[in-house]
Amino acid sequence: MTRVEEQYEQACKYLAGGVSASTRLNRALGHPMLVDRADGCRIWDLDGREYIDLCCSHGATLLGHGDPRVRQAVESVLQRGAACSYENELHTRLAQLLCATVPCCERVRFTGSGTEATMHCLRLARAFTGRTKVLKFEGNFHGYHDQVMYAIGTPADRLGPEDAPTLYPGSSGLPAGFEQNLVVVPYNRPDLLEAAFALHGSELAAVFCEPIYYNAGCIVPSAEFLTALRRLTQAHGVLLIFDEVLSAFRMAPGGAQEYLGVTPDLCTLGKAVGGSYPLSVFGGRADIMERLMPQGNCQHSGTYNGHPVAVAAALAAVTTYCQSGFYEHIHALAARLYDGLNEIFAHRAVPGRVQGLGARFGIYFGVPEPIRNYRDAVRHHRETMLQFIAAAARRGVYFHDYGGAACHHGFCAAMTLADADETLNRLDEAASELRSR
Ligand SMILES: Cc1ncc(COP(=O)(O)O)c(C=O)c1O
């Protein structure tokens, strides 16, 4: 037995399912990644095996593991006692930096996880508009709270018609009736969005959306879809919320809203914002954010909100993302990796294709291009993907499998172009193991 297998067996005796979070099991490997140490773009498992990390903490690690700037910021807070549940000067400095960097943010609030950010943001949208219903896009993921756990991970044979997608529950235990507050529309379909607004426009508090749909790999919205989204929400007094938990800082300092040139009313930021520490943010128009207590009457609080260690880490991380040259490096790595991997698939006659933007990407096997929404992505050949992930792990490249329809992968800025080439060499060998389909 390897140390990884032994440790996982031990973990299963005490941790439910052997993990702290359900999606940490990597089905391609049959166990979670059990990490001994991490440095830059690499991780080492308990058996000392080295991997180039293309999971990057599910997107939380954008600078690199153990980044010295983040570490120094964290250590300085620890030295001063790390008193939590009080305000300090770093909260304001981070808030000021985010308001200067993220287009829609005139005011922000801190929370601990992406799930909390989306939950509070939705409550605020309802408080502001006095309406209850929310429009979400089929397959878009907004965290684990009950209100948004529908139409995610829907099996291909349960999707229902395009103009009335199934409100497939993403978990058991959801209270009956919650789904009645949701209107679901397939992503990238301005015609169906228009039709949904004609029916429900006056009842909607918000449209909640992944502005780059990374949870299905990487899907960039069409210009027509984005135009319809902003026009219809404005016309019907509906708040447009961009869930940038995964997209924030991925391709531009101002996230997808800067990249796409569309400013929502509110947004959520998570993962990369904390520089690998647990911080998330929601923010937006001042007149909406002022509805939060103590100014207004909409509750948002939490003992660990804006924990000083996470805030210090976030300040160091976001300051680094804003430095000149940061995104040039990200885009150079992206071009090298995505073009290189597409060439490998072509040369090895593997029916795989990469769609990527900035530091995150999806790999799709056995589906015709382009992938425009969940309905396209869910038809990918999962068995080939699992084989590829397992082969890549044997060659020293770590991809995570989320157990659902599609997976998102990513790299970090600590990667060099030489590391990217090494990654491609290893993946070429992995691809050679796949039978041509
Ligand atoms: C777009 C989006 N929103 C919300 C969440 C939930 O964030 P967390 O896992 O930090 O609760 C995720 C997590 O993957 C996400 O990708």
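Which handedness does the crossing of α10 and α13 have? The crossing of α10 and α13 is right-handed (left-handed: the near helix is turned anticlockwise from the far one by less than a right angle; right-handed: clockwise).

## Basis of the model

This is a predicted model: local features need pLDDT of at least 70, side-chain atom pairs count only at pLDDT 80 or more, and totals for chains, interfaces and linings use all residues. Residues are numbered from 1 along each chain as its sequence is written, and side-chain values use heavy atoms, with hydrogens and water left out.

## Domains

The chain splits into domain 1 (3–66 + 325–432) and domain 2 (68–321). These bounds come from an automatic or database domain assignment. The two centres, taken over C-alpha atoms, are 25 Å apart. At the interface, 32 residues of domain 1 are in contact with 42 residues of domain 2 (contact: heavy atoms within 4.5 Å).

Helices (H or I, at least four residues) and strands (E, at least two) are DSSP runs, numbered from the N terminus. Axes are lines fitted to C-alpha atoms, for helices over the stretch in contact, and angles run from 0 to 180 degrees between N-to-C directions.

The axes of α10 and α13 come within 10 Å and cross at roughly 20°. α10 is therefore roughly parallel to α13 (under 35 degrees is roughly parallel, over 145 roughly antiparallel, 65 to 115 roughly perpendicular, the rest oblique). From α10, the contact takes in Ala332, Leu333, Arg336, Leu337, Gly340, Leu341, Ile344 and His347; from α13, Leu417, Ala420, Asp421, Thr423, Leu424, Leu427, Asp428 and Ala431. By class, ten of these residues are nonpolar, three polar and three charged. Ala, Val, Leu, Ile, Met, Phe, Trp, Tyr, Cys and Pro count as nonpolar, Asp, Glu, Lys and Arg as charged, and the others, Gly among them, as polar.

Helix α12 (residues 382–394) also meets α13 (residues 417–432): their axes come within 8 Å and cross at roughly 130°. The pair is therefore oblique. α12 passes α13 in a right-handed crossing. Phe388, Ala391 and Ala392 of α12 touch Leu427, Ala430 and Ala431 of α13. This contact has six nonpolar, no polar and no charged residues.

## The four-stranded sheet

An open sheet runs β3-β4-β5-β15, with mixed pairing (strands pair if DSSP finds at least two bridges between them). β5 (residues 50–53) and β15 run parallel, joined by two bridges. Asp53 has Tyr398 in β15 as its bridge partner. α13 lies across β4 (42–45), β5 and β15, at about 110° to β5.

## The three-stranded sheet

A second open sheet has the order β13-β14-β16 and antiparallel pairing. β13 (352–357) and β16 (409–410) each have a single partner strand, so one side of each is left without a neighbour in the sheet. Six bridges join β13 to the antiparallel β14 (residues 360–365). Gln355 stands opposite Gly362 in β14. Helix α10 (residues 326–347) packs on this sheet, touching β13 and β14, and its direction makes about 170° with that of β13.

## Helices α2 and α9

The axes of α2 (residues 68–79) and α9 (residues 308–321) come within 8 Å and cross at roughly 150°. α2 is therefore roughly antiparallel to α9. α2 passes α9 in a right-handed crossing.
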